[in-house]
Amino acid sequence: MRVYGIDFTSAPSRRKPLTCLACTFDGGLLRTEALEEWQDFSEFERALKRPGPWIAGIDFPFGQSRRFIENIGWPADWAGYVRHAQNLGRAGFRKALDSYRGSRPDGDREHRRRTDIVAGSISPQKLYGVPVALMFFEGAQRLIDANVTIPHLQDGDPERIVIEAYPGVLARSIIGRRGYKQDTKKKQTEDQHAARLQLLAALRDGKARDLYGFAIEASDSLCDDAGGDHLDALLCAIQAAWAWQNRANRFGAPETVDAAEGWIADPQLRAETSDGSGHTTDQLPRIRRALARPANGPRL
């Protein structure tokens, strides 16, 4: 199976391109093959329309929280509110989010999806710092335009499948909160490079099999990128391969997926049982703890 891992950005450029790592997957081994960098969205759009079969893991939030959508009065269905945001334009979208945030009390201005709470990722409304809201704005509309299949969100071409990836879940399971990347050149360190090498070595030495059920074959050269985009593309590919391996079981999705919010593909976030409320019994304590404190985990 052809597997792609794509590290996304809301403003691709020569300095910060979109990064795509192409891999092959035979069920027991994920092998990296070719790395592409795209300086604008046109290459990304063409890649989404490449003939299948393939599956891609892309690192940006595909949806917004149900709470936000309901409160702001946008269309209730995923495709409907993605198109609504698109029709606002980038500036109008930013203005709508700024206005909403300004009307809310402190501590209740940016909401997270259920999958964000479990993953420890920030709200997809976030415009400043790590602008994941703009990543949603630029990415989600293009997934609709490409008519790809997104399990539990969109029924498109069954030969071209896309899942939401989040490298941070995988990275933290191996190296904890240790920093392993930095876009600002003057803040890049040898320790970050060592952390990237440690993360990749652990995956090759058995962590990938322990966590995801298969081995990986990848070069240390993926760690040469100080921004971490090349390595993150690999982590996205690992999550996509895991989803493909679990395609007969809802692509590894929780038993209950909110069709307005979407979900992040990773076995560490997977629901084992449901309590009937849409939360899973193994996740309920974690969700309650997460709701009691502000999110501090940026999308990696």
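Student: To begin with, is Glu110 buried, partly exposed or exposed, judged by its relative accessibility?

Tutor: Before the answer, please note that this is a predicted model, in which local features need pLDDT of at least 70 and side-chain atom pairs count only at pLDDT 80 or more, while totals for chains, interfaces and linings use all residues. Residues are numbered from 1 along each chain as its sequence is written, and side-chain values use heavy atoms, with hydrogens and water left out.

Glu110 counts as partly exposed, at 28% relative accessibility, where buried means under 20% relative accessible area, exposed means over 50%, and partly exposed lies in between (1.4 Å probe, protein chains only). Its side chain meets that of Arg101 in a salt bridge, at 3.9 Å from N to O, and Arg101 is buried, with a relative accessible area of 17%. A salt bridge here is a side-chain nitrogen of Lys or Arg within 4 Å of a carboxyl oxygen of Asp or Glu, and by this rule the count comes to 24 salt bridges.

Another of these pairs is Lys16 with Asp183, whose closest N and O atoms are 3.2 Å apart. Lys16 lies in the loop between β1 and β2, and Asp183 in the loop between α6 and α7 (190-212), so the pair ties together parts that are 167 residues apart in sequence. The names of these elements come from DSSP runs, numbered from the N terminus, with helices (H or I) of at least four residues and strands (E) of at least two. Lys16 counts as buried, at 13% relative accessibility, whereas Asp183 counts as partly exposed, at 41%.

Arg50 forms a salt bridge with Glu36, and here the closest N and O atoms are 3.0 Å apart. This pair links distant parts of the chain, since Arg50 sits in the loop between α1 (41-48) and β4, while Glu36 belongs to strand β3, 14 residues apart. Arg50 is partly exposed, with a relative accessible area of 25%, and Glu36 is partly exposed too, with 26%.

Finally, salt bridges can also be followed beyond a pair: Glu45, Arg90, Glu138 and Arg142 are linked in a network of them.
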